[in-house]
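Hi everyone, thanks for coming. Could you bring the structure up on the screen, please?

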Amino acid sequence: MQDKVVGVNQSIREVKKNNAKCVYIAEDADKIVIQELEQMCKNMNIEIKYIESMKKLGNMFKVQVKVAAATILKGGE
């Protein structure tokens, strides 16, 4: 399984370390919460994949809570 982090703050931390391969963002997440992460990804040319809901994103990453963002880390395949 690929290495990953779940959550906006954890994702921001990995993007800052240039350790993010791909970032998933829930379309129904609060824009204020995800805007910094989204902008950092765009600035650093990190792929963003949008998922329709926080619940669906949580399920994708096998956590029991709604998730605004999650990140696949480099070298995790």
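This is a predicted model: local features need pLDDT of at least 70, side-chain atom pairs count only at pLDDT 80 or more; totals for chains, interfaces and linings use all residues.

Residues are numbered from 1 along each chain as its sequence is written, and side-chain values use heavy atoms, with hydrogens and water left out.

So, what order do the strands take in the sheet? The order is 1-4-2-3, in an open sheet of four strands with mixed pairing. Strands here are DSSP runs (E, at least two residues), and helices likewise (H or I, at least four), numbered from the N terminus; two strands pair if DSSP finds at least two bridges between them. Strand 1 (4-6) and strand 3 (47-51) are at the edges with a single partner strand each, so one side of each has no neighbour in the sheet.

Now the partners. Strand 4 runs antiparallel to strand 1, with three bridges, and Val-5 sits opposite Thr-71. Strand 4 is also antiparallel to strand 2, through five bridges; there, Ala-20 faces Leu-73. Strand 2 (residues 20-26) pairs with strand 3 in the parallel sense, over five bridges, and Ala-26 has Ile-51 as its bridge partner.

Is strand 4 buried or exposed? Five of its five residues are buried, meaning under 20% relative accessible area with a 1.4 Å probe, protein chains only. Ala-69, Thr-71 and Leu-73 are on one side, Ala-70 and Ile-72 on the other.

Definitions and conventions
Buried means under 20% relative accessible area, exposed over 50%, partly exposed in between (1.4 Å probe, protein chains only).
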